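Student: I have not looked at this structure before. Can we go through it piece by piece?

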Amino acid sequence: MEELGFTVDDTVDITDVVCPVTFVKTKVALEELEDGQILDVHLNDGEPVQNVPRSVKDEGHRILKLTDNGDGTYELYVMKVGD
Amino acid sequence: MGFTNEQLERYSRHIILKEIGVKGQKKLLESKVLIIGAGGLGAPAALYLAAAGVGTIGIADADAVDLSNLQRQVIHTTNDIGKKKVDSAAETMRAINPDVNVKTYYDFVDSTNIMDMIADYDFIMDGTDNFPAKFLINDACVMAKKPLSHAGIIRFKGQLTTILPGEGPCYRCIFKNPPPKDAVPTCKQAGVIGAMGGVIGSLQAMEAVKYITGVGELLSGYLLTYDALKMEFHKIKLPPRGKGCAVCSDHPTITKLIDYEQAACEWHPGDK
């Protein structure tokens, strides 16, 4: 894996669900974390990658990075902001 | 408490809301709401609270489902005629959401049973149709310090307020005593438009959800009135918790529950 420059605290796979449960699962995973911790979201191309980052941002969290896995999936790295 | 995938999907529209989220939905699932009266107000309120995943819903009523109820009491169906209203309401709530634990009280509230009935609940909803019950519920909630949603509907009008004992005014701060017997017509005598229960009962459910999740501002200190014919809502600011209130002031004169006498929705053929 390439150098991320940060440590991932938890991972959630949302490739097995569709909108809006994609974001719901991401929210649930984020709620388990502390302020400043980092979540790696494994998500599909298309609607999830279009909507989930935006929704996460709307909730005040920080998007650190989005990487294309080249297989139709992405990794979205989110830093939790707030309790 | 973890959510199952089915719960995540069921409550997804709540969880997505920033104000509710996972924490708010958990609060709802852990909450207990008592609905007194399974009629025009209680029916829609019970439907929405069950759907919302309020973990324990108590419902109290001593009536049976009557054909004339079905024009507005949307939790009951034609097949339920003759059943206890609490049983019919419980069946519908369980069918909507198996997460909900429904407790039924086949009883009208009075001074002997209400304190025990409300003791276990976080929020009380008054969906009754008569003044003695409304004063009794108010007084009991004040004494037990239980938050209460009060509401009333008649003809094309409805009103509600939320009572937070010790914080805002109570029903008796606004209306000191029940009106004289027969001075005010009941629903049965006056009629009520079916959707009025839907509007006001749903607003009561909204207040319960807001209280439980701690979001927004409650209708404490305000009376919201709705006139369907004029299509007007008015939010009327109430005076602060009255120094002189007989039940909720710091020196109450009413310290025991009162069973007022009044024919509640009693109408006999031949009455005017």
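Student: What is the handedness of the crossing in which α4(B) passes α10(B)?

Tutor: This is a predicted model, and everything below is computed from it. In chain B, helix α4 covers residues 42-52 and helix α10 covers residues 194-213. The way α4(B) passes α10(B) is right-handed.

Student: Are α4(B) and α10(B) parallel, perpendicular or oblique to each other?

Tutor: The two helices pack at an angle of about 40°, and their axes are 7 Å apart. Angles under 35 degrees would count as roughly parallel, and 65 to 115 as roughly perpendicular.

Student: How many residues in the contact of α4(B) with α10(B) are charged?

Tutor: On the α4(B) side the contact includes B:A43, B:Y48 and B:L49, and on the α10(B) side it includes B:G197, B:S202 and B:V209. By class, nine of the residues are nonpolar and six are polar. The number of charged residues is given as no charged.

Student: Which class do α1(A) and α2(A) fall into by their angle?

Tutor: Helix α1 of chain A takes in residues 21-31, and helix α2 of chain A takes in residues 47-58. They pack at an angle of about 40° with axes 10 Å apart. That angle makes α1(A) oblique to α2(A). The crossing of the two is right-handed, and the class asked for is oblique.

Student: Which residues of α1(A) meet α2(A)?

Tutor: The α2(A) side of the contact consists of A:P48, A:N51, A:V52, A:S55 and A:V56. Taken by class, the contact has four nonpolar, four polar and no charged residues. The residues from α1(A) are A:T22, A:F23 and A:T26.

Student: What pattern does chain A follow along its sequence?

Tutor: Chain A has two helices and four strands. Read in order along the sequence, these elements give β-α-β-α-β-β.

Student: What is the radius of gyration of chain A?

Tutor: The C-alpha atoms of chain A fill a box of roughly 30 × 30 × 20 Å along the principal axes. Buried residues make up 25% of its 83 residues. A compact globule of 83 residues would have a radius of gyration near 12 Å, and chain A agrees with that at 12 Å.

Student: And for chain B, what is the radius of gyration?

Tutor: Chain B has 10 helices and eight strands. For its 272 residues the globule rule gives 19 Å, and the value for chain B is close to that, so the chain is as compact as a globular protein of that length. The radius of gyration of chain B is 18 Å.

Student: What share of the 272 residues of chain B counts as buried?

Tutor: The C-alpha trace of chain B spans about 55 × 45 × 40 Å along its principal axes. A residue is buried if 20 or more other C-beta atoms lie within 10 Å of its own. By that count the buried share of chain B is 45%.

Student: Which element gives the most to the side of chain B that touches chain A?

Tutor: Between the chains, 10 residues of chain B are in contact with nine residues of chain A. The elements of chain B giving two or more residues to that side are α1 (5-10), α2 (12-15) and α3 (21-30). With three residues, the one that gives the most is α3(B).

Student: Is A:V8 buried, exposed or partly exposed?

Tutor: A:V8 lies in the segment before β1 (10-13) of chain A. Beyond its neighbours within four places in sequence, A:V8 is in contact with A:I38 and A:D40. It has 14 C-beta neighbours inside 10 Å, and therefore counts as partly exposed.

Student: Is B:M231 buried or exposed?

Tutor: B:M231 lies in the loop between β7 (222-227) and β8 (232-237) of chain B. It has a positive phi of about 50° although it is not a glycine. With 8 other C-beta atoms within 10 Å, B:M231 is exposed.

Methods:
Residues are numbered from 1 along each chain as its sequence is written. Chains are lettered from A and ligands numbered from 1 in the order in which they are written. This is a predicted model: local features need pLDDT of at least 70, side-chain atom pairs count only at pLDDT 80 or more; totals for chains, interfaces and linings use all residues. Two residues are in contact if their C-beta atoms, placed from the backbone, lie within 7 Å. Axes are lines fitted to C-alpha atoms, for helices over the stretch in contact, and angles run from 0 to 180 degrees between N-to-C directions. Angles under 35 degrees count as roughly parallel, over 145 as roughly antiparallel, 65 to 115 as roughly perpendicular and the rest as oblique. A crossing is left-handed if the near helix is turned anticlockwise from the far one by less than a right angle, and right-handed if clockwise. Ala, Val, Leu, Ile, Met, Phe, Trp, Tyr, Cys and Pro count as nonpolar, Asp, Glu, Lys and Arg as charged, and the others, Gly among them, as polar. The radius of gyration is taken over C-alpha atoms; the globule rule is 2.2 Å times the number of residues to the power 0.38. A residue is buried if 20 or more other C-beta atoms lie within 10 Å of its own, exposed if 12 or fewer, and partly exposed in between; C-beta atoms are placed from the backbone.
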